[in-house]
Amino acid sequence: MIPILHLACREYSVSERDCNPVVNFGERGFSRFQRIAKIYYRVQWYPGAMEEAERCAMHNQKQPCAICRANQKIGPQRKSHTVVAVVAIGKNRELGEGDRLLWHIPDDLKRFKRLTLGHPIVMGRKTFESIVKILGKPLPERTNIVVTRDSNWKYEGILAASSIEDAIELAKQQPGSEEIHIGGGAQIYEQALPFIDKLYLTLIDDTKDADAFFPPYEHLFTKKTFEEARESNGLKYRWVDLCRKL
Ligand SMILES: NC(=O)c1ccc[n+]([C@@H]2O[C@H](COP(=O)([O-])OP(=O)(O)OC[C@H]3O[C@@H](n4cnc5c(N)ncnc54)[C@H](OP(=O)(O)O)[C@@H]3O)[C@@H](O)[C@H]2O)c1
């Protein structure tokens, strides 16, 4: 019964366990939540729905509210998938050069692992090959989906797709697909940008020569949900989570 609730919790960065949209979000937040539900799930609301939701307190199955009913109705047919990207870039949106990353920040690699673990991750053939070169194997405990135009491309245990759209559709069928990760590189980020709902950025306060750049995103992702300033061996960087403006 989670999809709408899930979406709302992410929107408002509230733990799902504690979530009651009316209580947590207040009246204004709730009407925004209704809008989101309508856009994503075509749920219709009616006068009194909010009062009903208040009485329901979300999980009272004896007297389900509009949200619970909507979730019951759509739950089995429609699953919620958020498309996200974890990206580390310099001041000029530099991503990499050749087959390598530009900075080595151990805490940032840990964050990448923490965020992506258990979720499908879609990446370009070049990024996949650079990961295998560094790790000696594909990213473990994540379904790796490689986008390539080469219909003969094969790697044991790895899924291949011939377009971004096919890769995302394939990702939806995988474990952990409530969050689908776009893993780069530049070509894939650029083409997948219209599908991405949320960016987990590492903004590095440095510039480097590069031949791969992240596309302009600032005008599309305007809602900051998290920010933390950090430092590694004198290198300043920030973790910034941005959501797409609705
Ligand atoms: N800083 C970061 O967070 C980060 C993250 C990831 C990667 N990177 C960096 O990004 C760089 C690699 O990026 P890149 O742009 O060169 O390569 P890429 O995006 O990883 O892969 C490009 C390949 O993807 C396939 N492809 C692209 N568009 C396609 C489409 N529409 N349909 C089917 N296949 C498609 C093609 O594979 P085929 O040639 O096989 O057809 C293409 O050669 C590296 O420097 C890497 O270190 C940085």
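Mentor: Welcome! A residue counts as buried if 20 or more other C-beta atoms lie within 10 Å of its own. Keep in mind that this is a predicted model.

Trainee: Thanks! What percentage of the residues in the chain is buried?

Mentor: The chain has 246 residues. With that cut-off of 20 or more other C-beta atoms within 10 Å, the buried share of the chain comes to 33%.

Trainee: How many helices and strands are there in the chain?

Mentor: Both kinds of element are present here. The strands number eleven, and the helices number eight.

Trainee: Which residues are the bridge partners of Gly-96?

Mentor: Gly-96 has a bridge partner in E3, namely Leu-101. In E9, the bridge partner of Gly-96 is Ala-212. The two names you want are Leu-101 and Ala-212.

Trainee: Which residue in the turn between E2 and E3 has a positive phi?

Mentor: E2 and E3 form a hairpin, with two residues between them. In that turn, the residue with a positive phi of about 60 degrees is Gly-98.

Trainee: Which residues around the ligand are the closest?

Mentor: The ligand is surrounded by 30 residues. Elements that give two or more of them include strand E2 (94-97), strand E4 (121-124), helix H6 (125-135) and helix H8 (186-192). By class, the shell has seven charged, eleven nonpolar and twelve polar residues. The closest residues are Gly-96, Gly-124, Thr-127, Gly-184 and Gly-185.

Trainee: Why is Pro-215 called partly exposed?

Mentor: Pro-215 sits in the loop between strand E9 (212-213) and strand E10 (223-232). A residue is buried at 20 or more other C-beta atoms within 10 Å and exposed at 12 or fewer, with partly exposed in between. Pro-215 is partly exposed because its count of other C-beta atoms within 10 Å is 13.

Trainee: Which residues does Pro-215 contact beyond its neighbours within four places in sequence?

Mentor: As a guide to that part of the chain, the C-alpha atoms of Pro-215 and Gln-187 are 9.1 Å apart, with 28 residues separating them along the chain. Setting those sequence neighbours aside, the contacts of Pro-215 are Tyr-189, Glu-190 and Leu-193.

Note on methods. Residues are numbered from 1 along each chain as its sequence is written. This is a predicted model: local features need pLDDT of at least 70, side-chain atom pairs count only at pLDDT 80 or more; totals for chains, interfaces and linings use all residues. A residue is near a molecule or strand if its C-beta atom, placed from the backbone, lies within 6 Å of it. Helices (H or I, at least four residues) and strands (E, at least two) are DSSP runs, numbered from the N terminus. Ala, Val, Leu, Ile, Met, Phe, Trp, Tyr, Cys and Pro count as nonpolar, Asp, Glu, Lys and Arg as charged, and the others, Gly among them, as polar. Two residues are in contact if their C-beta atoms, placed from the backbone, lie within 7 Å. Two strands pair if DSSP finds at least two bridges between them.
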